[in-house]
Amino acid sequence: MPIRAAIAVSAAVSAAAAALLLTAPQSQAAAGQERADHCAARALALRAKAVTGHPAVLRVSVTNRTARACVVDRVPTVTFGDLDGAALPVPEGGTSGYRLAAGGTAYAAVRTIGDPADPEARRADSVTVAASAAHWGRTFQPWELGTGRQVLVWEPVTTWWQPTARAADRIIGLG
């Protein structure tokens with residue numbers, strides 16, 4: 001799996017964005033949206049499974065098991081065994097948060113490899129999914145995922161969290 005540079009935002013851009021948000025009039029704030037804290041790892045249930053008929057595509061989900069809304073990263077962090085790097089977001093970006101309602105679930109799709117016959121394919125003995133980069137996440141073995149004895153990996157991509165599995169599948173090119 002090739003190593004790709006992480007998407008980084010400079011301190012100046014971050015400061016400018018924060019200043020802009022702090023100076024926006026309240027009339028531009030989202031109506032009816034309460035402020036939600038970041039989700040604690042223990043408050044989340046993570047699941048992952050290969051899509052039937054598409055073993056190179058994983059469907060992942062995160063469920064908020066609490067009675068309060070909370071925020072996860074906009075894009076799941078998906079890593080592969082001891083290989084370097086993580087799945088890149090499709091579309092690019094996704095540095096903001098995704099609000100999970102109390103008891104709510106969000107979905108993402110991960111394409112681990114474009115062509116399973118690719119001679120440059122790497123093999124991973126596990127896949128780890130985290131709803132936020134600050135969390136350890138949950139590690140899944142290939143047999144749990146339904147991918148066989150290993151997971152084939154080359155230039156993996158992941159969707160942003162979506163409200164439905166169908167929406168995530170469409171972004172990755174399924175259905």
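## Disulfide

The structure holds one disulfide, a term used here for a pair of cysteine sulfur atoms within 2.5 Å. C39 and C70 form the link, with an S to S distance of 1.9 Å. The link is right-handed, with 90° about the S-S bond. It connects distant parts of the chain, 31 residues apart. C39 sits in the loop between β1 (37-38) and β2 (44-51), and C70 in strand β4 (residues 70-73). Strands (E, at least two residues) and helices (H or I, at least four) are DSSP runs, numbered from the N terminus. Both C39 and C70 are buried. Buried means under 20% relative accessible area, exposed over 50%, and partly exposed in between (1.4 Å probe, protein chains only).

## Model and confidence

This is a predicted model, in which local features need pLDDT of at least 70, side-chain atom pairs count only at pLDDT 80 or more, and totals for chains, interfaces and linings use all residues. Residues are numbered from 1 along each chain as its sequence is written, and side-chain values use heavy atoms, leaving out hydrogens and water.

The mean pLDDT of the protein chain is 84, and 80% of its residues reach 70 or more. pLDDT is the predictor's confidence in each residue, from 0 to 100. Over residues 1-32 the pLDDT is below 50. That stretch has 18 contacts in the model beyond near neighbours in sequence. Contact means heavy atoms within 4.5 Å. Where pLDDT is low, the predicted coordinates should not be read in detail.

## Nonpolar cores

The largest nonpolar core has 27 residues. Such a core is a set of buried Ala, Val, Leu, Ile, Met, Phe, Trp, Tyr and Cys residues joined through side-chain atoms within 4.5 Å. V62, V72, F80, L100, V127 and W161 touch the most other members. Elements giving two or more residues to this core include β7 (97-100), β8 (105-111) and β12 (151-153). The largest share, four residues, comes from β2.

V62 is in contact with L44, A45, L46, L100, G104, T105, A106, A131 and W161, leaving aside neighbours within four places in sequence. A second, separate core has seven residues, including V51, V57, A168 and L174.

## Strand β10

Strand β10 spans residues 127-130. V127 and V129 point one way, T128 and A130 the other way, and all are buried. In a regular strand the side chains alternate between the two faces of the sheet.

β10 pairs with strand β5 (residues 77-80) in the antiparallel sense over four bridges. Two strands pair if DSSP finds at least two bridges between them. V127 is the bridge partner of F80. β10 also pairs with strand β11 (residues 138-140), in the antiparallel sense over three bridges. Here T128 stands opposite T139.

T66 lies in the loop between β3 (54-64) and β4. Its relative accessible area is 33%, so T66 is partly exposed. Its side chain joins that of N64 in a polar contact of 2.7 Å. A polar contact is a pair of N or O atoms within 3.5 Å; within protein, one must be able to donate a hydrogen and the other to accept it, and residues adjacent in sequence count only if both atoms are side-chain atoms. Not counting residues up to four places away in sequence, T66 touches A43, A102 and G103. The C-alpha atoms of T66 and G104 are separated by 9.0 Å, and the two residues are 38 residues apart along the chain.

D169 lies in helix α3 (residues 165-172). D169 counts as buried because its relative accessibility is 11%. Leaving aside neighbours within four places in sequence, D169 is in contact with R59, A109 and L174.
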